[in-house]
Amino acid sequence: MGLGHFRHRTYTHLTTPVEPLTRLTQALGGPTLWVKRDDRTGLAGGGNKTRKLEYLVSEALEGGATALITCGAVQSNHCRLTAAAANREGLACHLVIREKIPGQYREEASGNNLLFRLLGATLHVVPPNTDLDAAMAKLAYEMAASGTLAHVVPMGGSNATGSLGYVRCAKEITQWSIDAGVSLSAVVCASSSGGTHAGLVAGLHPEGVDVVGISVDWDSEPQTEVVVALVEAVTQKLLAPSIADEAVVVHDDYVGPGYAQGTPQMAEAVRMFAQLEGILLDPVYTGKTAAGFIDLVRRGTWSKDDHVLFVHTGGSPALFEYAEQVLP
Ligand SMILES: Cc1ncc(COP(=O)(O)O)c(C=O)c1O
């Protein structure tokens, strides 16, 4: 069953551009580096979740939902974009926001939190260690009791349906490769809730392109397990041949002290992209992913004749809340 069989909403009208990272390539001394500008997808502020939401919200509407519920961290890009998609469709949006440490949530915080509020989402702030799936299920139950059918979008939009968005992205990358006459050796992406990584593996592994996931959160073993399960789920959904577990590669050397906690390599990567290419990354996801991308290039992972593509999954609105992590 082809990807075209699955209905989706349209929040992004064009294939996102692929641009050469000419000055970064020069600074690092090759291979030839490229960036897929998935920070320029549609909806408020763009980023990878827009592609997933095109499929997820379509499913919600088909089920007759009049509200969306999702969850995330205090600066969640996924929550921002879910709120924007809900507005586009005229749905209510409820966000379950989990603190990492008690009292972390600040109503006046900038970045994505400002945008949740501007977009008019209803926030439910819950303490650390809250079971998010259970909290969302309870909320959906309560809303149903008062007559609202809410569709629960999983953490990060990462299930088989959301991952279809990144199978679609993989198809764009393959088409670009043909059109531009560029044979890619590898594609590098962030790996967190896993749907981006899984969709890219499902779409690119059969084309002979390696996908390198950079974890921003977990150790490589549990992260690999999450992505392998999602690859299986999305290939099954597509009735496509299964993909060997070995196709899922996760590096966990760039997480640092933990999720959303800065590292010197992340700060260097954010500044290099800004100052060499005029491209804004974010400290939590793409900054750490770019730190891995740059380090793997410096270590000679690819030869000078290779072409390697970095998937920019967005997130720059969070920069405004994490200035101290990225400025010297
Ligand atoms: C900007 C950005 N990049 C990458 C990711 C990771 O994508 P995934 O959750 O599909 O692994 C996220 C997840 O929230 C994100 O917000």
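What follows is a chat about the ligand site, a pocket and the backbone of this predicted model.

Trainee: Let's start with the ligand. Which residues come nearest to it?

Mentor: The ligand has 16 residues around it, and the nearest are Lys52, Ser192, Ser193, Thr196 and Thr313.

Trainee: And which elements supply at least two residues each to that shell?

Mentor: Those are α2 (48-62), β7 (186-191) and α7 (195-204). The largest share is from α2, with 3 residues.

Trainee: How does the shell divide into nonpolar, polar and charged residues?

Mentor: You get 12 polar residues, 2 nonpolar and 2 charged.

Trainee: Which polar atoms lie close to oxygen atoms of the ligand, counting N or O pairs within 3.5 Å as contacts?

Mentor: Take the side chains to begin with. Ser193 has a polar side-chain atom 2.5 Å from a ligand oxygen, and for Thr196 a side-chain N or O atom sits 2.7 Å from an oxygen of the ligand. As for cover, the ligand on its own has 390 Å² of accessible area, and the protein covers 97% of that.

Trainee: Why does the ligand lie between the two domains?

Mentor: Look at who contributes. Domain 1 (3-46 + 159-326) gives residues to the shell and domain 2 (48-157) does as well, so the ligand lies between them.

Trainee: Now pockets. How do I find where empty space is left?

Mentor: The general idea is to roll a probe the size of a water molecule over the atoms, which shows where space is left empty. Here, the second largest pocket has a volume of about 200 Å³. Its lining has 16 residues, with Val167, Lys171, Ala202, Gly203 and Pro206 closest to the centre.

Trainee: What is that lining made of, by class and by element?

Mentor: By class, the lining of this pocket has 10 nonpolar, 4 polar and 2 charged residues. Both α6 (160-180) and α7 supply at least two residues, and α6 gives the most, with 4.

Trainee: Last one: the backbone. What should I expect of phi and of peptide bonds?

Mentor: In general, most peptide bonds are trans, and most residues other than glycine have a negative phi. In this model, the peptide bond from Gly30 to Pro31 is cis, with omega near 0°. Pro31 is in the loop between α1 (22-28) and β2 (32-37).

Trainee: And which residue has a positive phi although it is not a glycine?

Mentor: Leu43 does, with a phi of about 75°. You'll find Leu43 in the loop between β2 and α2.

Conventions
Residues numbered from 1 in each chain as written. Predicted model: local features only at pLDDT ≥ 70, side-chain atom pairs only at ≥ 80, totals over all residues. Heavy atoms only, no water. Near = heavy atom within 4 Å. Polar contact = N/O pair within 3.5 Å; in protein donor to acceptor, adjacent residues only side chain to side chain. Areas by Shrake-Rupley, 256 points an atom, 1.4 Å probe, with all protein chains shown as cover. Nonpolar A, V, L, I, M, F, W, Y, C, P; charged D, E, K, R; others polar. Domains from an automatic or database assignment. 1 Å grid on protein atoms, 1.4 Å probe; cavity = no way out; pocket = protein on both sides within 12 Å on 5 of 7 lines; lining within 4 Å. Points joined across faces, edges and corners; volume = space filled by probe spheres on them.
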